[in-house]
Amino acid sequence: VVPAPTSSDPPTIPQSTSVAVDAVHFRQLCPWLRMFDLFRIAVDLQKLLLAVAALLLLWGGNWCILKLPFATPQAIHLQSQVFTFGPTNPAQLSPARQAAPFGEPLGTGWRSWTRVLSPLDTVVRPVQILFRGEASWSQLALSWTQLLWALAVWAVFAGAITRIAAVQIGTDRNTGLMDALKFSVRWFLSYFSTPLIPLSGIGLLWGLCLLAGLVGRIPTAGPWIVGACWGIVLLLGFLMALTLVGLAVGWPLMFATISVEGSDAPDGLTRAYGYVFAKPVYYVLLVAIAVLSGVVATFLVFHLAGFAAYMADWGVTWGMGSNKILQNKLAAGWMSVLETFVVAFAHSYFWSAATMIYFLLRRSVDANPFHEVYLEEDPSDELLPWVEEDQQSPTENSTLTSLTLPDKDATGDANPPS
């Protein structure tokens, strides 16, 4: 028997003391470090195939639109005078032509660094025409047709790309190509209508300004009435400008919202506007990181594809004795396929970056963790616990710990627990 220590005994000092220190999780301290995972997320065959399909549909649709009666040379010429992230000539609609020739690093113009933002061209170009005062009816009709077609294509394929990226970022799982397409088709109206809601609001405010202009036509008194109410007109102009700025910078986030939350158009609209205006500096920082890393990623992909084409041509040249293989139409067709996949990577990166930025903004504003992603449950999953219980082996059932029935007198219940 060990005697009890007395007050005169010296305190016992342990021989060694170890302190456990948790590892520092830099991604929790700096969530924006997840932005550097975008290259891995974007280099996904499923996303690349979706982007290629979108590019082909945009090219084919625009080719058909330019054959319509209102696609006059004057209307097409006006599109070459607006700001764009891609080729300035709207006739260059082929997805292969959107990539610079191999051997020229990302193009020779000042817009080469914005190649990662080229998906915005399909919406930015026609929207700019809509807000030009000198635009004719044929130019407006052409721009509206191109805008609606672009939104319809992106509603399906960008919705699928952002859905795959949302599941990968939130749950680290992969979603099948067909499952992503089924999701985007099911939520097609939400994807398609979300960007149109702000444009409808701008149209309503523009109608009020139009009424003020009609009042100004009244002889003598009209200009005085409009001048007296000019403060209200300026307020309407400020609301239109604010709405248009929110649409320009938050349009990709609307698609990401629907893919992550599985919500409708109003929720996608309010979240995109709310997150952007709640954290504008943080949003600009995330966009800057996305663009810079995207430029590097696109640069690497571009030159890797160019180097692969060069090595193939170099090897064939030794056997053929000439370097005229690329003049063959079939070989040129394969080069167009390669260039199209290079451009598709930029689109895959763009929509993956929009999804990642949405996750980071949601975590910063609402403190929602990344794993909160809308997942469509399979009804058959509800039967899995019953199947597992029925399929238990007798050995497993025999090793279960037996329950001791409570005493009737102690519990006052004669029925055993079920």
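The model is predicted: local features need pLDDT of at least 70 and side-chain atom pairs pLDDT 80 or more, whereas totals for chains, interfaces and linings use all residues. Residues are numbered from 1 along each chain as its sequence is written, and side-chain values use heavy atoms, without hydrogens and water.

Helix α6 spans residues 137-171 and α11 residues 230-261; they pack at about 55°, their axes 8 Å apart. Helices here are DSSP runs (H or I, at least four residues), numbered from the N terminus. Axes are lines fitted to C-alpha atoms over the stretch in contact, with angles from 0 to 180 degrees between N-to-C directions. From α6, Leu151, Trp154, Ala155, Ala158, Gly159, Thr162, Arg163 and Ala166 meet Trp251, Phe255, Ala256, Ser259 and Val260 of α11, contact meaning heavy atoms within 4.5 Å. This contact of α6 with α11 comprises nine nonpolar, three polar and one charged residues (Ala, Val, Leu, Ile, Met, Phe, Trp, Tyr, Cys and Pro are nonpolar, Asp, Glu, Lys and Arg charged, and the others, Gly among them, polar).

Helices α13 (residues 280-320) and α14 (residues 329-366) pack at about 160°, with axes 10 Å apart, and are therefore roughly antiparallel. The residues in the contact of α13 with α14 include 19 nonpolar, four polar and no charged.

In helix α5 (residues 121-130), seven of ten residues are buried (under 20% relative accessible area, 1.4 Å probe, protein chains only). Among them are Asp121 and Arg125.

Definitions and conventions. Buried < 20%, exposed > 50% of the residue type's maximum accessible area, 1.4 Å probe, protein only. Helix = DSSP H or I, 4+ residues; strand = E, 2+ residues; numbered from the N terminus. Parallel < 35°, antiparallel > 145°, perpendicular 65-115°, else oblique.
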